[in-house]
Each structure stands twice: as C-alpha cells, then as structure tokens.
Amino acid sequence: MPNQLIDMPRPFRYLLLLCSCVPALGLLGQGAEAPAPDFLRSIGKMYVVVAVIVVVFLGLALYLWRLDRRLTNIENQMEDHA
C-alpha cells in the first residue's frame, strides 16, 4: 500500500488529501455558539487586522506602480529602436 501512494501522481495525492479532510470540515460548525461580531474589536485585534490589510494593499499598489514604470521604460526603448 505505501508504494502505491508514492507512485501516485502528485495531483491525485492532493485530491486524496482534500477528500480526506472534507468530512472533518462538517464538524467545525458543531461546537458552541458563534462569538459576538465585536469580539475582535473588544480584544483589540481588529486594529491589527485592519493594519495588515492596509500594509498588503499598499504593497500591492507599490508593486503595480513600479511594474507600470518598468513597462513604460521598456515601451519607450522599443519605440526608440524601431
């Protein structure tokens, strides 16, 4: 049996892992009541979440701005050589 799992292509291994985890997801909602929506705000974590989102957004914006500048420079170089 272990050799069959090793010889299995990688996508099938991932599919097998996913199928074995899906039944456990149904058990996650079986616990106690959901906490109040203000839980993160009450313990001060809401601001951490907002800060992380802002940092990720600014990083993506900076990356796209630099990529646009590089592409503009490459386009200008292509026009000069043409």
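Colleague: How much accessible surface does the chain have, and what share of it belongs to carbon and sulfur atoms?
Modeller: In this predicted model, the accessible surface comes to about 8,100 Å². Carbon and sulfur atoms hold 68% of that.

Colleague: What share of the residues counts as buried?
Modeller: Of the 82 residues, 0%. Buried requires under 20% relative accessible area.

Colleague: Why is Val 50 called partly exposed?
Modeller: Its relative accessibility is 40%. The class runs between 20% and 50%, so Val 50 counts as partly exposed.

Colleague: What makes the nonpolar surface patch that includes Val 50?
Modeller: Met 46, Tyr 47, Val 50, Val 54, Phe 57 and Leu 58 make it. The patch covers about 620 Å². A patch residue needs over 30% relative accessible area. Val 50, at 40%, passes that cut-off.

Colleague: Where does Val 50 lie in the fold?
Modeller: In helix 4, residues 46–81. The chain has four helices and zero strands, in the order α-α-α-α.

Colleague: Which helix has the highest mean pLDDT, and which the lowest?
Modeller: Helix 4 has the highest, 93. Helix 1, residues 2–7, has the lowest, 58. The chain mean is 77, with 52% of residues at 70 or more. Where pLDDT is low, predicted coordinates should not be read in detail.

Colleague: How do you know that Arg 69 lies over the face of Trp 65?
Modeller: Arg 69 is 4.9 Å from the ring centre. As for aromatic pairs, a search of the whole structure finds zero.

Technical notes
Residues numbered from 1 in each chain as written. Predicted model: local features only at pLDDT ≥ 70, side-chain atom pairs only at ≥ 80, totals over all residues. Heavy atoms only, no water. Patch = residues over 30% accessible without salt bridge, like charges linked within 9 Å, V, L, I, M, F, W, Y side chains within 5 Å. Areas by Shrake-Rupley, 256 points an atom, 1.4 Å probe, with all protein chains shown as cover. Salt bridge = Lys/Arg side-chain N within 4 Å of Asp/Glu carboxyl O. Helix = DSSP H or I, 4+ residues; strand = E, 2+ residues; numbered from the N terminus. Buried < 20%, exposed > 50% of the residue type's maximum accessible area, 1.4 Å probe, protein only. Phe/Tyr/Trp six-rings, centres within 6.5 Å; stacked < 30°, edge-to-face > 60°. Lys NZ or Arg CZ within 6 Å of the ring centre and 35° of its normal. pLDDT = per-residue confidence, 0-100.
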